[in-house]
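Student: Can we go through this one together? I'd like to start with the charged pairs and then look for holes inside.
Tutor: Fine, here it is.
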Amino acid sequence: MLDYKILHYRFKNYDSKSNEYKASQKIVHLRVAKRLLKLCRLHTGIYVKGAQHLASLTFIVPKEYIETLSVLQDRAPYRGIEDVKKIFAEEFNGLTPNDVYSEFDETPIAAASLAQVHKAKTKDGQEVAVKVQYPDVSRLFHVDIWTMQSMSDLISFFFPEFELTWIITEFKQNLISEFDFLREAKNGELTKQRFKHRAHEVKIPNIIWDLTTKRVLTMEFVHGVKINNLEKLKNLGVNPKWVRTLLQEVFSEMIFCHGVIHCDPHAGNALVTISPITNKPQLVILDHGLYRELSDDFRMVYCDLWKALVLNDSEALKNVADSLGVSQYIQFLPLIFTQRIPDSTTPLGEDLTPEERAIIHDQLKHIKLSDFFDFLESLPRDMLLVLRTINIVRGIHRELGGKPIESFRMNAQYAIRGLWCETRNEEKRRIRYSKEHGLTGDYVMIGPLQRWYLLGGTPSFFRTLGFIKDFIVMTFKLYLTESLIKLWRLWYLYRSIDILGV
């Protein structure tokens with residue numbers, strides 16, 4: 001805090017947009033981020049988790065923090081074997097890892113905020129990954145949260161524009177669910193069922209249930225490469241375009257259709273492997289501890305949001321902003337999601353025109369940082385985790401060579417699917433009815449029904465027709481609108497040249 005106070009004092013008579021101020025600000029950001037990294041490595045536990053959460057807030061946090069703290073995603077400090085043995089003794093009635101498994105590598109292959117992962121072999125010779133929670137991490141949880149809350153209150157006192165209390169509250173609620181590995185295992189199993197229609201390309205490791213407890217998770221070991229390692233993907237013979245497209249599709253389906261999302265999809269939690277059965281690549285999704293179940297009402301509003309954004313429909317966007325309770329901040333929505341302004345004349349995925357940049361500058365110069373935090377605090381809690389998730393996925397998509405237009409169009413397509421697909425309540429009623437009437441197969445399973453006419457996850461033939469109609473209209477409007485915008489810009493350019501007499 002003192003570092004930032006000194007910075008503000010030094011440049012109190014300077015424009016905050018000046019190059020001198022920005023350069024000095026970056027130096028302070030980096031210096032403070034390194035201190036925070038050192039603090040997290042010293043205290044570990046939920047401090048590391050907090051830093052990971054902070055590093056994922058790319059729409060709020062300066063990039064110096066994101067780049068510095070991102071090393072904690074899968075390279076956090078790990079504990080010695082004695083701590084591991086302590087957990088095993090408590091979870092398996094005094095047994096050690098070598099009693100439970102035929103082989104157990106004492107050096108972890110990955111370490112995160114709450115646990116570390118070891119490679120092992122079961123008594124029947126199966127290769128497994130064993131996730132072991134750190135001792136005392138849950139017991140010290142309330143003390144650490146109180147400390148973070150106090151620090152947040154202190155920051156808010158000295159910097160009133162940084163009101164972060166709501167972030168700590170949200171972080172606390174999300175973290176509680178991650179302490180229970182049985183819940184994590186169940187989340188993974190349910191996600192596998194929801195993607196059974198894509199089982200040939202989406203893999204969730206199998207859980208070894210008789211070797212899994214609340215603090216020890218044993219799962220199938222999958223040999224693969226990190227999703228963003230371009231060199232190893234190339235060596236594996238996998239096209240990065242296939243990887244980024246599949247990743248975007250999977251998480252779009254989770255958000256727009258399932259309404260149940262994996263909220264921690266950083267690169268350390270996603271691998272690419274070659275299936276021993278099909279000999280084709282598969283996307284492996286790991287770490288199912290942090291999930292969010294969206295309400296059907298919010299999911300529908302989110303689908304409407306993307307329709308409005310992609311079609312540049314101001315009236316529809318106003319209705320969505322009213323539904324989200326942020327009508328006074330409507331100008332933020334296009335900027336956050338598609339990086340353009342309402343009624344923009346810029347095609348999706350392209351840089352704004354100088355005129356539009358001037359409009360943004362004029363709109364934002366009267367908005368304080370506290371207004372932006374108020375906007376985020378006003379959003380539904382579901383939206384905050386969705387924002388976090390799509391920003392992480394968008395970052396990986398970009399690392400793999402993806403263009404914004406690709407993800408924008410995919411979001412638009414899945415938004416249409418989401419408006420017509422089976423809701424979670426309909427799914428529950430279908431499963432309950434099927435069990436009561438002795439039906440079997442897909443009828444009693446979660447996820448989309450597998451019938452030739454049920455396209456887009458729709459629950460009936462007539463909903464399928466509605467989906468097809470809307471999908472065609474949406475696709476036509478999307479490409480027509482973008483084409484018209486490009487033609488208008490081209491005409492405007494030629495007209496400007498004629499006026500200048502060039």
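Student: How many salt bridges does the structure hold?
Tutor: The structure holds 18 salt bridges, a salt bridge being a side-chain nitrogen of Lys or Arg within 4 Å of a carboxyl oxygen of Asp or Glu. Keep in mind that this is a predicted model, where local features need pLDDT of at least 70, side-chain atom pairs count only at pLDDT 80 or more, and totals for chains, interfaces and linings use all residues. Residues are numbered from 1 along each chain as its sequence is written, and side-chain values use heavy atoms, with hydrogens and water left out.

Student: Why would side chains pair up like that?
Tutor: Side chains of opposite charge can pair when their charged atoms come close.

Student: OK, which side chain meets Glu-422 in a salt bridge?
Tutor: That of Arg-430, at 2.7 Å from N to O.

Student: Are Glu-422 and Arg-430 buried or exposed?
Tutor: Both are buried. Buried means under 20% relative accessible area, exposed means over 50%, and partly exposed is in between, using a 1.4 Å probe and protein chains only.

Student: And what about Arg-463, which side chain does it meet?
Tutor: Arg-463 forms a salt bridge with Glu-426, 3.0 Å from N to O. Arg-463 is in helix 20 (residues 461–500) and Glu-426 is in helix 19 (residues 424–436), so this pair ties together parts 37 residues apart in sequence. Helices here are DSSP runs of H or I with at least four residues, numbered from the N terminus. Arg-463 is partly exposed, at 21% relative accessible area.

Student: Which residues do shared partners join into one network?
Tutor: Glu-90, Glu-91 and Arg-215, through salt bridges.

Student: New topic. How many cavities of 30 Å³ or more are there?
Tutor: The count is 6. On a 1 Å grid over the protein atoms alone, a cavity is a set of points where a 1.4 Å probe fits but cannot get out, and lining residues have an atom within 4 Å of a point. Points are joined across faces, edges and corners, and a volume is the space filled by probe spheres set on them.

Student: What volume does the largest cavity have?
Tutor: About 100 Å³.

Student: Which helix gives the most to its lining?
Tutor: Helix 11, with 5 residues. Helix 11 (240–258), helix 17 (381–399) and helix 18 (404–420) each supply at least two lining residues. The lining includes Phe-251, Tyr-302 and Arg-394.

Technical notes. 1 Å grid on protein atoms, 1.4 Å probe; cavity = no way out; pocket = protein on both sides within 12 Å on 5 of 7 lines; lining within 4 Å.
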